[in-house]
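Biologist: Please go through the labels attached to this model. For each one I would like the value and the cut-off behind it.

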Amino acid sequence: MADAAAVQATIDGNAAVAHIAYRVNEVCAIYPITPSSPMAELADEWTAKGITNIWGNIPVIQEMQSEGGAAGALHGSLQAGALTTTFTASQGLLLMLPNMFKIAGELTPAVFHVAARSVATQALSIFGDHSDVMAIRPTGFAMLASNSVQEAHDMALIAQAATLKARVPFVHFFDGFRTSHEVNTVTLVPDAAIRAMIEDDDVIAHRGRALNPEHPFVRGTAQNPDVFFQGREAANRFHAATPGIVAEAMEKFAGLTGRQYRLFDYFGAADAERVIVAMGSGVEVVRQTVEDLNAHGEKIGLVAVRLFRPFSAEHLLAALPASCKAVAVLDRTKEPGASGEPLYLDVVSVVADAVARGTRATMPRIVGGRYGLSSKDFDPAQVKAVFDELKKAEPRNGFTVGINDDVTFTSLEVDANYTTEPDDVVRAVFYGLGADGTVGANKNSVKIIAEDSGRYAQGYFVYDSHKSGAQTVSHLRFGPNPIRSPYLIRSANFVACHQFHFLEKTDVLRLAAPGATFLLNSPYGPDEVWDHLPRSVQQEIISRKLKFHVIDATTAAREVGLKNRTNTILQTCFFALSGVLPRDEAIDAIKQAIAKSYGRKGKRVVEQNWAAVDGALARLHEVIVPASATSDFERPPIVPLSAPDFVRRVTARMMEGLGDEIAVSAMPVDGTFPSGTAAWEKRNVAEEVPVWRQDLCIQCGQCGFVCPHSVIRAKYYDEAQLDGAPEAFKSAPVNARGYPGAHFSLQFYVEDCTGCGLCVETCPAQSPAEPGIKAINMEDKAGLVDRERENIAFFEGLPINDRSRVDFANVRGVQFLEPLFEFSGACAGCGETPYVKLLSQLFGDRLMVANATGCSSIYGGNLPVTPWTKNAEGRGPAWSNSLFEDNAEFGLGFRLAADKHLGLARDLLRQLATEIGEDLAAAILDAPQIRESEIRVQRERVAALKTKLLALKSNMAAEHLLSVVDHLVRRSIWIVGGDGWAYDIGYGGLDHVLATGRNVNILVMDTEVYSNTGGQASKATPLGAIAKFAAAGKRTARKDLALQAIAYGNVYVAQVAMGANPQQTLQAFREAEAWEGPSLILAYSHCIAHGYDLRKGLSQQDKAVASGYWPLLRYDPAMRDIGEAPFRLDSPRPTLPFKDYAYNELRYSALAASRPEDAAMLLTQAQEAIRDKYRSYEEFAQMETGPTPSEVMGAARKL
Amino acid sequence: MDLTTSYLGLELTSPIVASASPLNRDIDNLKRLEECGAGAVVLPSVFEEQIEREEEILDMLIDRGAESFGEALSYFPAQTAYAFDTSHHLTLIEKAAQALSMPVIASLNGVTDSGWVDYARDIEAAGAKAIELNVFFVPSDLTLNGRDVEARYVDVVHSVSSAVELPVAVKIGPYFSSPGHMAGELVKAGAKGLVLFNRFYEPDIDPATLTITPSIELSNSYEMRLPLLWIGVLSGQTKASLAATTGVESADDVVKYLLAGADVVMTTSALLRHGVDHMRTLVDGLGAWLASREFSSPADIRGRMNHRNIANPEAYERANYIRVLQDFAGR
């Protein structure tokens, strides 16, 4: 019987699952990984708020150092008798594998909730498919699939009830992003029903099986050939009983909620001849298509798989109609080399066995196919293509659908015009910027509409790959019936473009249905806007007979003090134009939603937004659409014709949002992409950009040093080269001695600039006469772009300064070194990228980078473009990302190979010395390669060597030497990542790599949180700061990784903060690279997750140092080797109370606001820790031979 | 010595009030001030702009980078209540009200009549016994005439006074064409007390950096002459309580203000210079002075030398000015 009091909520899949998991567990062992992190974040927040589980107690939430650690803690907690869960995805699930075999082997009930995500192969992908869950099939876990947000909520509970009864642990999985992040209307299971589903006898029995010294036993023995096999089979009956137990739980659930599920649910014609078998969110798409096609006379059906393991042959055969002649099994995964994907093979074997045994009369034709990898959208048109294929006499096996495979021709033809969208569903698509609040407002709209009785709503949000200036596309559906369409809108009857400039980059009307409404946020009114539209936009408006409206939401927002937050204004216009709700009702609802969403930010913000809503409609105007297109301009090409072929064919398509249309043949076969394609993506995200005052500039180089996006370039050159310079090109005589006649220019790449302002903040040159004017000042970009394009073209024609003549030893000199990391999609004002760029300037042409997964791997390698680039000689950083957890080992592998091949090259060179010339061979073998000039000379020698080797044809030794000859130029191997990697998940590897003594350089860009996944606490998170997973404030001090590394004695260690002392940073990078052993640099990196205006990032770094929180230090074993003190403290004694640094940041001040007493106590502790730490450091600095390992570790323990 | 005093309808154990300063953020300091005989305490100001700006900044910070990137839809725990400094202020009022038996007066600093009236209600709910409204702005808009400026003051006072039940004292500066008349208008608008005078924020210029530098100097006894004059003029001519502030360094200064007609005397700079225990020096000094003249309470001397009571009221007026100048020239 359904519970009439059931409450509806509009939530996403993660929240729907966490709601149940939290209530039916006692312990959660967690670790962040996209797209599952929000489940763990919610659990942590609920704990901080004191929310209880169904037994009235607050679950314990424990963040671990990795998913492997989470699985271990979970295993232990289960063995000790607690109901324990975890949330994970992708590589995270794979790191849990060893424990999963154990947990299942020991028949331990638990549910792992998995937002299924692609496992990294030729590339990482954060998006959804089943490659992760398919990898755990042999563990013995039961696997229960959810196909929608509602099901994810329901199955979370069914899994928990079943595992407790069956003793077999469960993976409950649902599609990452498509289900985990889709906002939809969910009927919540009432707490009473949750309580009824979980039988206390099962819970008590679980506790009774726990390890307990009161009645001890041993579990986890080692078994030998005599008994292991039998032991493995001893649990068979538990696995065999599981399907029946799940079916019973589903029945019980149906009785409590009215929602009936089966292990295999059949939908469609009872006499269907063609059937699809599918699992996950794709099921809903197939179901919709089946209903539509059957309504048009087809006889087709769908078997929806819910319990995938144990795979119940009996239940599958019962679900599959006897009439069925052809079956297509859809797998959202790929198993190269197999005779089919896993679900396909299961279905084939079950049906074949039934036919062989005679329990089924005929063997239908069964084919398998792949769809939807990495959240590739899967829509009814693709489903129809599969059913159409099944009509054929010889349907293709091993097909793909949703892509164009023009290489191995696996893909099915899809009729893109086929749709099942019902007429009563409003389909709205919104193009916005991350910063303008479009997504937030749309989430509110979904809630507003769904909370109106008799209406249902769905929201799904697509983000681009940049962290700054990112475009968002919101897909919203509203209708009188539950929305079961887990795919992107193809044909929208409402399209809103919240940023006028998108019209020049994106075909925003591509999805507009005939007669649709088009709302444009426009600085031009209804009478002027037409003339500012590209011709193709005009043509689309006319040909599709769009109803066109404009509003100047940007001005309206600014007038009420909302700056660029246009969201509530545009939301009001949406409601007014779409008519989804009566206008007054909608406005009241928007206002209520504003109060709810912004209430925590204060009354004023709420009132400003209310004022925005009230004023919105007066500014909304319909545009009278002319009969014909009149524009004489068109959307400019996304990249110029001069771009390389690959960029034009592939990269540009992705940049346009048309990557889905790229054929298989255009893709690299092994994930290898050309360097330096970011330079072709002129994103123009800044409204204000820096402008140079050459008359005030002291040419110090600090602006370029700190620029996170490498948009400030300096060159010096002979004055005569200014001939032909554009009129606006700026230049000044070099102001240093020794450069007579030389001129200096700073060039700003304004189209790549994010407008962060760090350059202006760091510029030390004030005008002596004009208040507030520096040598760099921010100015409105409008009107500057054309001029600067000309200037850039001229600047790029000036010769690049000779690296061997640049002084690497000071910041001023470094500005003349070309950055080989440029224009990344990192946040505006990012604190990490200046360090990455510096690395590329100093060592870029001989640099290999192993990059841990995280922010730096995303802004460093997230398509469409690549910011790591190469110089005019074609040399540049060779960059790769392996995983999150293994980066130190991965980089060490670079070194092992390099050392091996260097040795090989030297041996071969000696061997071939006579043929090559003894002098050249000796010069190469004995060459010093510390200074840039020495490296330059060595390069010339190696070039000469290559010429000679090429002449030695058919000499195998020469061939071999040629294959490794590049190693004769000193390689710089850097292992780069964030603190989540270095302090937590990768710490074991990092420690081991340091202990090897090998010559690798480790750069930790320490933001003190997991920045990439949204600010979860790491062991670098400081005492007293809040973070996700530490919502109540972190209660332990950050780990002193520097001291731990110093304890080895042979590791070069530096702690740097560019904003406090750029010169020390530069020195540390150079010393680390020069040290022939391992080195570790901890680089303070301000971050958006710290909660302050990043324009002040550098001065905040300075305060971190001035307060003693982040002492600058260098431990150089080379100094000890020459009798000098190795430990050097580079920053003075603290001059600022810790509070004056910390409380500038929301991460600290938020705790002071929410828990003032705790914050005060933690502040005192933090201040004392700083004092103690500084004292220890000062003592170390005074030791002639530096501290001993035991002294260092003693200090580390104290802190 | 009984130093009991009435101010804004509140009973105070002494007429010396610790005016708003950073010292008053600390509950221990407040307790110590009470032990030393302070009659009341004014808590540090919350600025109208502060309330607005903090809300705006927080809005920006929480939302910056949010809903932009698939892996990080936010950067802070979603359900944490992020309170502002203003809520610290409310917490301070609550704690002070609980810890002290002397009245706690909350201070608000603003220039408009909207936006922060709600906050005045919050102050009332937090346990303050009165509000000191500090109206200060520089009418740098040269189209504003004197009447406009005066009207702005009156509007603010009216808005806040009508929003709360608490007595509202208004702290103003002396720069009106007719400060006495202005005082009357403010009282008509709802002010129950007048605090004379506000010391203006008068920015300085740093010639090295070409920047405007904030500058607030501690007051000294010399600066008490102007408030002394206007306390003297207003005493006995207004139903509002009068509080004197500025330049109270010693017990003699307290006595002077009381003689001129102040109901209470406020001190900040002296406490910042000498520490909170200086309150004891002032209170004891006042008691000693009263005793030495055989007065039994501050009421005995209050207004004894105001404009009405003294034999030569021109001492407060222009004639006195002329005489002083002439005397000075003749020295």
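**Labels and their grounds**

Modeller: In this predicted model, A:Leu107 counts as partly exposed because 16 C-beta neighbours lie inside 10 Å. Buried would need 20 or more, and exposed 12 or fewer.

Biologist: Where is A:Leu107 placed in chain A?

Modeller: A:Leu107 sits in the loop between helix H5 (97-105) and strand E5 (111-116) of chain A. Its phi is positive, about 50 degrees, although A:Leu107 is not a glycine.

Biologist: Why is A:Gln699 called buried?

Modeller: A:Gln699 has 20 other C-beta atoms within 10 Å. The definition asks for 20 or more, so A:Gln699 is buried. This residue lies in the loop between strand E23 (688-692) and helix H23 (702-706) of chain A, and has a positive phi of about 60 degrees without being a glycine.

Biologist: What makes the peptide bond from A:Arg309 to A:Pro310 cis?

Modeller: Its omega is near -10 degrees. A:Pro310 belongs to the loop between strand E12 (307-309) and helix H13 (313-319) of chain A. A cis peptide bond also joins A:Leu863 and A:Pro864, with omega about 20 degrees.

Biologist: How many residues of chain A are in contact with chain B?

Modeller: 39 residues of chain A are in contact with 34 residues of chain B; a contact requires C-beta atoms within 7 Å. H41(A) gives the most to the chain A side, with four residues. By class, that side has 18 nonpolar, 13 polar and eight charged residues.

Notes
Residues are numbered from 1 along each chain as its sequence is written. Chains are lettered from A and ligands numbered from 1 in the order in which they are written. This is a predicted model: local features need pLDDT of at least 70, side-chain atom pairs count only at pLDDT 80 or more; totals for chains, interfaces and linings use all residues. Two residues are in contact if their C-beta atoms, placed from the backbone, lie within 7 Å. Helices (H or I, at least four residues) and strands (E, at least two) are DSSP runs, numbered from the N terminus. Ala, Val, Leu, Ile, Met, Phe, Trp, Tyr, Cys and Pro count as nonpolar, Asp, Glu, Lys and Arg as charged, and the others, Gly among them, as polar.
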